[in-house]
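Please work through each task before reading its solution.

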Amino acid sequence: MKAICLLIVMLSTTVVLAQSKDEALKKIIQQQELDWNKNDMKSFSQAFSEDAVLINFLGMYWKGKEEIMTQFSHINECCIKPTSIKLEWIDAKFLSENAAYAHIKETLTAKEDYAVPGGVVKKGTVNTKFITAVFEKQNTIWKIITMQVTQVNAPPR
């Protein structure tokens with residue numbers, strides 16, 4: 001009976017630890033959502049490691065936290081400020097105590113009309129992207145070391 005109780009305690013502890021690890025990563029993504037919606041690209045970029053890579057949905061390759069912050073700051077007025085995002089956690093897998101990846105669904109909504117190369121995005125337009133983020137724990141702090149953003153398009157008719 002003691003062995004069964006010990007096993008139950010060990011399994012419960014494992015589930016709680018896994019949930020708390022997930023929570024640490026989820027908080028990073030929740031903060032990014034808040035930062036985007038406040039148009040605070042400096043804070044948004046703090047989630048990335050110094051040598052992080054971000055490949056945006058247009059295929060642009062940005063290397064380093066400084067470049068990520070600079071590029072987002074450049075497009076803030078035209079393409080971030082007139083939008084809001086909702087980031088929905090899909091799942092995560094821990095590869096070790098210090099490495100994990102996660103999948104996130106991004107829903108971006110135009111709060112007002114805004115111009116992009118080749119046209120105008122109308123107020124109320126919604127688009128969806130999937131994000132894959134790889135995290136590494138660096139000195140007890142989780143950072144995004146790479147992120148890939150993929151635009152979801154409707155299937156051809």
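Rings of Phe, Tyr and Trp (its six-membered ring) pair if their centres lie within 6.5 Å; planes under 30 degrees apart count as stacked, over 60 as edge-to-face and the rest as tilted. This is a predicted model, in which local features need pLDDT of at least 70 and side-chain atom pairs count only at pLDDT 80 or more, while totals for chains, interfaces and linings use all residues. Residues are numbered from 1 along each chain as its sequence is written, and side-chain values use heavy atoms, with hydrogens and water left out.

**Exercise 1.** Determine how many aromatic pairs the structure holds, and classify the pair F44 and F72.

Solution. The structure holds 6 aromatic pairs. The ring centres of F44 and F72 are 5.0 Å apart and the planes stand at 75°, so this pair is edge-to-face. F44 lies in helix α2 (residues 41-45) and F72 in helix α3 (residues 65-80), 28 residues apart; helices are DSSP runs of H or I with at least four residues, strands runs of E with at least two, numbered from the N terminus. F44 has 5% relative accessibility and therefore counts as buried (under 20% relative accessible area; exposed is over 50%, partly exposed in between; 1.4 Å probe, protein chains only). F72, at 8%, is also buried.

**Exercise 2.** Classify the pair F94 and W142.

Solution. The ring centres lie 5.8 Å apart with planes at 75°, so F94 and W142 are edge-to-face. The pair links strand β3 (residues 83-96), which holds F94, to strand β8 (residues 141-151), which holds W142. W142 is buried, at 10% relative accessible area.

**Exercise 3.** Identify which residues ring pairs link into a cluster.

Solution. The cluster consists of W36, F44, F48, W62 and F72.
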